[in-house]
Amino acid sequence: MPDLPSILIAEDNRVMADVLRFNLARSGFPVTVASNGLMAVELLQEGAFDLVISDYQMPGMNGEELCRWMRSDPRYRTVPVLMCSAKGYELDVSRLQEELDISRIFYKPFSPRDVVELVRLTLEQQSSFVTDEV
Amino acid sequence: MSSHIGEVPLTRRLVDHFLMFGLACVLACIVLSLLLGWNGLLAAQAPMTAIAPLLLLLVGGWMLRRTVRLNSEIENQLRRMAVISSSAELPLQPLADNEPAAIGWNAILQRVATADSLAAVEARLSRSLAGLDQHRLERLIQSLPDGLALTDAAGCITHSNRSLDALLDVEGSMAGQSMRDRLVQWAGHEEIPDDKLAEPLRTTVFELCRGTSVAAGVLRVARYPLAGSQSGNDVHVWLLRDVTQQRLAEEARNQFVFTATHELRTPLANIKAYAETLVLHEGIDVEQQKSFCNTINAEATRLSRFVDEMLNINQMEAGSLSLARHETDIERLLQEAFEHVQPQMHQKNLEFQQAIPPKLSKLFVDKDKVSAALVNLLGNAAKYTPDGGRVRLEVVEEPGELLFHVEDSGIGIAAEELSQVFNKFFRSSDDRVRDVSGNGLGLSFTQEVVRLHGGQLTVHSELDKGSRFTMVLPKKQG
């Protein structure tokens, strides 16, 4: 049985990161957690991930900056990114999607089940995209 | 005009009476002559009969001459009036006669003289009042805190007050200078609504920011067409007001709203996520379930505290923050405060040191608010100390008061910002502070709580070394 895609969660709120990890792990996904954008960069450089879930507001390097770094590196240019944000932070969604190819932005509070479904859907789309290219 | 306008002299009046008497005698002679003649006695009185009419003629001629002379005099004066200029003094003189015409003439002159005097007084009074009003108006204009200026059709300043000079950082008169150019010079850029200013009859209002930062200065600029302006000299009136503080306050409040929203949504999101996880997933072991429930409980408490903080801030803003004092066990209060921040310290692997003497005196304080104040100080210490750092809580009991020292090995506070840390909504410009969530109200609230208790809150800090906050609470009600 092929391994399920591995997921990197970049979230400075430990409580939120833990519940996301729990839900994704229960669905069979290997999950790694970074507590901020800079740690996420280190982990990306050490290993391969198939999808990144990033909080937008993080100390040191926020989610947008992390994504920008990923898109500047050919190794992560096509890795799908799901961005998470508190609704009080009005993001320019269209700009982020166009400039940084962010797959989806979802808002807190969210349903963990919905996030797991979103991850599945995004990976399926990514997989079919890769298949088409091949 | 002659000052001899008034009554006819006494001598002239006496002469007039004698003349009237004489005339009466002449008439009497005429009548007598006629009677004598009728009775044939006229021949005997021939000399009288001849003299009487002659006398009559003389007297009549003399009286007629008086009247003619009076009318001529009046006519001559009116002729002189017809040829003089409007600004020359009136050449009218009173007439020394008791004829009705003369009396009437003199009355007219009297009234004209009176009117002239009143007119002169009124003119002098008007000039004085105008001078006074102008002086007062000028003082009023110079006293205005807002900048005020008049510009001509070319947009050049014709008049301005001192406040305008101060607002635009100008020394000396700006008369003749272009208002637009002065604004551009002040702002350091040309983001001026020239299209609106090009319409002379349009009221234009805009804000002008100095440089790119609101903190550098913001002016509210209003230009109005000058009412009643007909010539090209004064066409527009400009009103400039410094609105920097209002804009900074707006920015701080907007930032606060954003931060508050984030602070509310984060625990809400956690509560929802954990609750749903417990509901949807079967087979979660009991310990894990307990852990999740504890997390829900902790986040709910965090949310509750935040709501309380918001309410306290609201009361503080309204000046209605009040205390509910009770005798309070300080050791227990300290323990509860520490338990509140312990997860935060654990997460960052901070070393927590305590130096609390045993058997501390109880204080008569508002337990919830003092607890919130301590949690704020300890929470800040943990928040702004990098992983692996140190936070120390020391309590010193002195006669009459308790001192609470909260010290950290954190990022510290820049010297130029130390005086502002207790200001509402203030957040340091240090990027390391900006990266950490906060609403800028905690220290303001803490200071207010301490003040209401009659205590004192002070800070010593060194950038990159750490900070030490000291809260002093009196033992007796302050």
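The model is predicted, so local features are given at pLDDT of at least 70 and side-chain atom pairs at pLDDT 80 or more, while totals for chains, interfaces and linings use all residues. Residues are numbered from 1 along each chain as its sequence is written, chains are lettered from A and ligands numbered from 1 in the order written, and side-chain values use heavy atoms, with hydrogens and water left out.

**Stop 1: the interface**

Select chain A and chain B together. Here 23 residues of chain A are in contact with 25 residues of chain B; contact means heavy atoms within 4.5 Å. The two chains bury about 2,100 Å² between them, 60% of it on carbon and sulfur atoms. Buried area is the accessible area (1.4 Å probe) that two parts lose on being put together, summed over both. Now select A:Phe22, A:Arg26 and A:Pro109, which supply 24% of the area that chain A buries against chain B, more than any other three residues.

Next, colour the helices of chain A. Two elements, α1 (14-26) and α5 (112-133), each give two or more residues to the side of chain A that touches chain B. The largest share of that side, eight residues, comes from α1(A). Helices (H or I, at least four residues) and strands (E, at least two) are DSSP runs, numbered from the N terminus.

By type, the residues on this side of chain A divide into ten nonpolar, six polar and seven charged. In this count Ala, Val, Leu, Ile, Met, Phe, Trp, Tyr, Cys and Pro are nonpolar, Asp, Glu, Lys and Arg are charged, and the others, Gly among them, are polar.

How many salt bridges does the rule find across the interface of chain A and chain B? The number is zero, where a salt bridge is a side-chain nitrogen of Lys or Arg within 4 Å of a carboxyl oxygen of Asp or Glu. Seven residue pairs, both at pLDDT 80 or more, are in polar contact between the chains. A polar contact is a pair of N or O atoms within 3.5 Å; within protein, one must be able to donate a hydrogen and the other to accept it, and residues adjacent in sequence count only if both atoms are side-chain atoms.

**Stop 2: A:Pro109**

Select A:Lys108 and A:Pro109. A cis peptide bond joins them, with omega about -5°. A:Pro109 lies in the loop between β5 (104-108) and α5 of chain A. Most peptide bonds are trans.

**Stop 3: A:Glu64**

Select A:Glu64, in helix α3 (residues 63-72) of chain A. Is A:Glu64 buried or exposed? A:Glu64 counts as buried because its relative accessibility is 12%; buried means under 20% relative accessible area, exposed over 50%, partly exposed in between (1.4 Å probe, protein chains only). Its side chain makes a polar contact of 3.1 Å with that of A:Arg95. Leaving aside neighbours within four places in sequence, A:Glu64 is in contact with A:Tyr56, A:Met83, A:Arg95, A:Leu96 and A:Leu100.

**Stop 4: chain B**

Select chain B, which has twelve helices and twelve strands. Of its 478 residues, 37% are buried.

Zoom in on B:Leu303, in helix α8 (residues 286-317) of chain B. B:Leu303 counts as buried because its relative accessibility is 16%. Beyond neighbours within four places in sequence, B:Leu303 is in contact with B:Leu264, B:Pro267, B:Leu268 and B:Ile271.

End at B:Asp464, in the loop between β11 (456-462) and β12 (466-474) of chain B. Its phi is near 70°, a positive value in a residue other than glycine.
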